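Biologist: Show me the model, please. I want to go through its labels and ask what stands behind each one.

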Amino acid sequence: MTKIISDVSRTFSEYLLLPRLTKKEHTVANVSLTTPISRFEKGEVPRLSLNIPFVSASMQSVSGTKMAIALSRRGGLAFIYTSQPIEEQAAMVGKVKRYKAGFVPSDSNVKPSTPISEAISLSRQTGHSTIAVTEDGQPNGKFLGILTDKDYWEFEDDLSRPVADFMTPADRVIYGETGISLHDANLLLYQNKKECLPILEKNGNLHSLVFKKDYVDHRNNPDELTDDRKRLVVAAAINTHDYKMRVPALVEAGADVLSIDASDGYTEYQKECSLWIREKYGDAVVLGGGNVVSGDGFRYLAEEAQVDFVKVGIGGGSICITREQKGIGRGQASALMDVVEERNRYFEETGIYVPVCSDGGLANDTQIIIALAMGADFVMMGRYFAMTDESPTPKVSMNGRIYKPYWGEGSNRARNWQRYNNAGEDYLKFEEGVDAYVPMVGSVNDVLAVTLAKLKSTLCNNGAVTLKAFAENAMLTRISEQSFVEGGTSTVTTIDNEQK
């Protein structure tokens with residue numbers, strides 16, 4: 001017999017926070033937004049934590065390499081989308097891992113006899129202006145010199161001449177030896193006013209490179225999320241169809257976090273996928289599952305599938321129409337509260353904490369804050385990041401305003417057959433996402449700066465300096481339709497409205 005839940009399916013817009021006692025120590029400067037993304041036992045430290053509670057959705061119109069780099073540098077993560085060939089997704093992951101590091105393996109190398117024209121082409125291909133010159137042109141060959149874009153004039157020099165005629169030879173290059181600390185390597189760069197420091201093996205072979213710009217970047221982005229080799233942490237989505245081929249390629253490319261991407265995650269397919277990954281890689285990779293909208297769904301993924309974190313939400317995204325098409329889903333606030341309650345119960349029973357990600361249903365900064373107050377460890381957003389400069393879609397001008405295309409992974413445009421077509425036909429029977437446009441709002445840094453400022457201020461208003469304390473201390477009240485109207489500016493004429 002059908003079971004009917006008597007409570008109404010509720011959304012974030014139906015709630016407001018009541019302020020709690022703000023003490024003198026509750027200042028923005030004291031707020032930490034660090035939050036776990038991996039499961040951990042009581043009294044232990046999570047294998048991986050985010051420095052800000054924001055990740056971007058694994059969508060073609062949202063999470064490319066630029067988004068992954070921008071978010072990791074701010075302390076969050078972007079989940080590079082799985083709806084593409086395995087090789088292309090792995091290449092995107094690899095590009096993020098190579099973007100920033102302490103000791104960087106050289107990926108731009110030439111021999112002394114290489115024509116300068118080929119070196120220029122290589123520089124354009126990799127995007128790197130510094131090229132290592134080795135005896136055999138390999139990353140770890142005998143180091144012979146350095147070539148930069150300051151050593152030649154592309155439109156004046158004879159580009160058929162060899163690199164040897166332009167490079168700075170090894171005997172004139174300041175270098176470090178393997179074993180040097182990153183701090184001492186940066187000190188050498190500073191003392192000698194250099195941009196790049198080659199690190200050499202005892203036998204003179206090239207080991208890696210250290211760049212001044214990496215040090216500067218780190219100083220400008222103190223919350224950046226890096227691994228034990230000072231490379232940016234990168235996340236990627238996977239599916240339950242080709243994971244036995246896709247996951248090894250992504251791990252080999254350097255993926256630190258994986259998330260099974262599905263509109264409905266309460267399935268045996270996710271359990272099989274997760275347990276296969278656990279058997280092959282153990283805890284070396286952080287793994288998320290979802291999406292679910294109930295405590296039962298959370299318990300299944302946390303206990304049976306052994307995932308690190310669970311995503312909550314079906315049909316709440318601005319371009320998701322799963323509820324309309326299939327009658328499946330739940331108001332995001334109700335779903336999150338149910339899952340958080342089960343997460344806390346699971347923690348009490350087992351001593352194992354499994355983080356929860358609220359995915360979708362976040363229309364503004366206030367709703368992001370409410371989701372975190374309700375106990376989400378972090379939130380996943382699509383539209384929020386699709387509107388930024390770093391999203392992978394082109395700019396479009398319409399009626400004098402700049403927009404960016406934004407479409408769901410369940411739409412025909414995404415053509416994501418592996419998730420939505422188990423029968424194997426070459427077209428979608430129906431769509432679970434729409435194809436739309438969103439207005440551009442600026443860079444990831446710009447929009448995050450505003451949201452983070454609001455979030456930190458709200459924590460202080462609620463007597464907290466950590467997200468954990470915020471969720472424990474928060475007091476929420478339901479609001480009526482008139483309360484919502486009262487909180488706006490309906491009774492005055494604003495300057496913007498007057499000018500219109």
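**Labels and their cut-offs**

Modeller: Lysine 213 lies over the face of phenylalanine 211, 5.6 Å from the ring centre.

Biologist: What makes lysine 213 count as lying over the face of phenylalanine 211?

Modeller: The rule asks for NZ of Lys or CZ of Arg within 6 Å of the ring centre and within 35 degrees of the ring normal. Lysine 213 is at 5.6 Å from the ring centre of phenylalanine 211, and it is listed as lying over the face. One caution on sources: this is a predicted model, where local features need pLDDT of at least 70, side-chain atom pairs count only at pLDDT 80 or more, and totals for chains, interfaces and linings use all residues. Residues are numbered from 1 along each chain as its sequence is written, and side-chain values use heavy atoms, with hydrogens and water left out.

Biologist: Why is the pair of phenylalanine 298 and tyrosine 346 called edge-to-face?

Modeller: Rings of Phe, Tyr and Trp (its six-membered ring) pair if their centres lie within 6.5 Å. Planes under 30 degrees apart count as stacked, over 60 as edge-to-face, and the rest as tilted. Here the centres are 6.2 Å apart and the planes 80° apart. Both values pass, so the pair is edge-to-face. The structure holds eight aromatic pairs.

Biologist: What parts does the pair of phenylalanine 298 and tyrosine 346 tie together?

Modeller: Phenylalanine 298 lies in helix α8 (residues 295–304) and tyrosine 346 in helix α10 (residues 332–350), so the pair ties together parts 48 residues apart in sequence. Helices (H or I, at least four residues) and strands (E, at least two) are DSSP runs, numbered from the N terminus. The chain has 17 helices and 24 strands. Elsewhere, Phe40, Phe347 and Tyr353 form one aromatic cluster.

Biologist: Are phenylalanine 298 and tyrosine 346 buried or exposed?

Modeller: Buried means under 20% relative accessible area, exposed over 50%, partly exposed in between (1.4 Å probe, protein chains only). Phenylalanine 298 has 0%, so it is buried. Tyrosine 346 has 4%, so it is buried too. Of the 500 residues of the chain, 50% count as buried.

Biologist: What makes aspartate 227 and lysine 97 a salt bridge?

Modeller: The rule is a side-chain nitrogen of Lys or Arg within 4 Å of a carboxyl oxygen of Asp or Glu. Aspartate 227 and lysine 97 meet at 2.9 Å, N to O. That is within the cut-off, so the label applies. Aspartate 227 lies in the loop between α5 (212–220) and β14 (235–238) and lysine 97 in helix α2 (residues 86–99), so the pair ties together parts 130 residues apart in sequence. Aspartate 227 is buried at 13%, and lysine 97 is buried at 4%.

Biologist: How exposed are lysine 202 and glutamate 177?

Modeller: Lysine 202 has 67%, so it is exposed. Glutamate 177 has 36%, so it is partly exposed. They form a salt bridge, with the closest N and O atoms 3.1 Å apart. The count comes to 24 salt bridges. Arg299, Glu303, Glu341, Glu342, Arg345 and Glu349 are linked in a network of them.

Biologist: What is in the largest nonpolar core?

Modeller: A nonpolar core is a set of buried Ala, Val, Leu, Ile, Met, Phe, Trp, Tyr and Cys residues joined through side-chain atoms within 4.5 Å. The largest has 99 residues, and Phe54, Val257 and Phe385 have the most contacts inside it. Helix α14 (residues 444–461) gives the most to this core, with seven residues. A second, separate core of twelve residues includes Val110, Ile120, Phe166 and Met167.

Biologist: Which residues is methionine 374 in contact with?

Modeller: Contact means heavy atoms within 4.5 Å. Leaving aside neighbours within four places in sequence, methionine 374 is in contact with Phe12, Tyr15, Ala333, Leu336, Met337, Val340 and Leu476. Methionine 374 lies in the loop between α11 (365–373) and β20 (378–381). At 8% relative accessible area, methionine 374 is buried.
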